[in-house]
Amino acid sequence: MTEERPVLVATEADDVTADMVITELNRRSVPVVRFNPSDIGAGLTVSARFGTCPAPVAGQVRTPSRTTDLAHVRAVYWRRPIWPTFQNLSDNDARFAAAQVRYGLGGTLYALDGPLWVNHPLRNAAADYKPAQLAVAQRLGLTVPPTLVTNDPGEAREFITAHGQVVYKTLRWTPYERDGVPVTGWAEPVTAAEIDDSVCVAPHLFQARVDKVADVRVLVVSRHVFAVRIDSGLLDWRKDYSALSYAVVDLPDRVNKALLAYLDHFGLVSGSFDLALDQAGDYWWLELNPNGQWGWLEEETGLEMSAAFADLLKQGETL
């Protein structure tokens, strides 16, 4: 029976957002199998056969409390899984074992052609390159701030001088520590005088600052669009959540259509978009996080985001 087919939820141990979706799935009597790849060998087991039966993939994923037939998976919610690092092994053995997990467990799950993925990790990865995001956004008619990606200090200085107020953004969030203290890459103002030859080491992203009055976080789940205006007065609102206020808004129809087309372009069924709203009421593209956080927005606004995810996952491959 379709109603007995489980949803796989791949995520880390402490994930409040996943908990919210699982609660909604439980209310719909949809079985859930939650696992974290880092638990492989200590509570997580995968066994898959290829070329030995009519189905292209046959096998099971087992956790301490559940056993799942891979042929009967309804949907996969790929939330925030953590891959194992095998710190108890030597460096060479750890690298080897980690690769086997990614390409063994990951490859087995990727081989499944029945379930709906929210989102498939390979599609998440393709959509996670900011230069590609900027180009696709412009092609779809969204307003993109002037942006330069370069490791040429001279080009960077010229760009900053030409545009005046410019911010530096990381091209990819990466765990980073300085003197043992975790450091987060916020959007920060940058001047031409600050540019030195260290820029040569790697490409940097410089972007003309939008004269914004507010930020807008947009969560799209299938064809449902949830838009929340975030007022803060901050260049990067993530710096201080206590300074934020929220309001549910409706986006212009053309922006809605462009965001849906954006997800379609990358083969995604969900994504979290960041836009900036200027004084004229125009929306500026900032970025997409294919698997962004949204749980706190539901708590602040009452929007039924987790219910939308649960409905999507319950439908599974029937979409």
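1. How many of the nine residues of strand β17 (residues 270–278) are buried? In this predicted model, nine of the nine are buried, so β17 is largely enclosed by the rest of the structure.

2. Start with the overall make-up. The protein chain contains eight helices and 18 strands. Along its principal axes, the C-alpha trace spans about 65 × 50 × 35 Å. For 319 residues, a compact globule would have a radius of gyration near 20 Å, and the 22 Å of this chain agrees with that.

3. Buried residues account for 44% of the 319 residues. The accessible surface of the chain comes to about 16400 Å², and carbon and sulfur atoms hold 50% of that surface.

4. Take the contacts between residues at least 6 apart in sequence: 66% of them join residues at least 24 apart.

5. Now back to β17, where you can check each face in turn. On one side sit Ser270, Ser272, Asp274, Ala276 and Asp278, and on the other Gly271, Phe273, Leu275 and Leu277. These residues are all buried, so both faces of the strand are covered.

6. Which strands pair with β17? Strand β14 (residues 212–221) runs antiparallel to β17 and is joined to it by nine bridges. Strand β18 (residues 283–289) is also antiparallel to β17, with six bridges between them.

7. Finally, a stop in a helix. Val136 lies in helix α4 (residues 130–139). Is Val136 buried or exposed? Its relative accessibility is 4%, so Val136 counts as buried, the cut-off for buried being under 20%. Setting aside neighbours within four places in sequence, Val136 is in contact with Tyr262, His265 and Phe266. Val136 and Phe266 are 130 residues apart in sequence, yet their C-alpha atoms are 9.6 Å apart in space.

Note on methods
Residues are numbered from 1 along each chain as its sequence is written. This is a predicted model: local features need pLDDT of at least 70, side-chain atom pairs count only at pLDDT 80 or more; totals for chains, interfaces and linings use all residues. Side-chain values use heavy atoms; hydrogens and water are left out. Helices (H or I, at least four residues) and strands (E, at least two) are DSSP runs, numbered from the N terminus. The radius of gyration is taken over C-alpha atoms; the globule rule is 2.2 Å times the number of residues to the power 0.38. Buried means under 20% relative accessible area, exposed over 50%, partly exposed in between (1.4 Å probe, protein chains only). Contact means heavy atoms within 4.5 Å. Accessible areas come from the Shrake-Rupley method with a 1.4 Å probe; for residues, only the protein chains shown count as cover. Two strands pair if DSSP finds at least two bridges between them.
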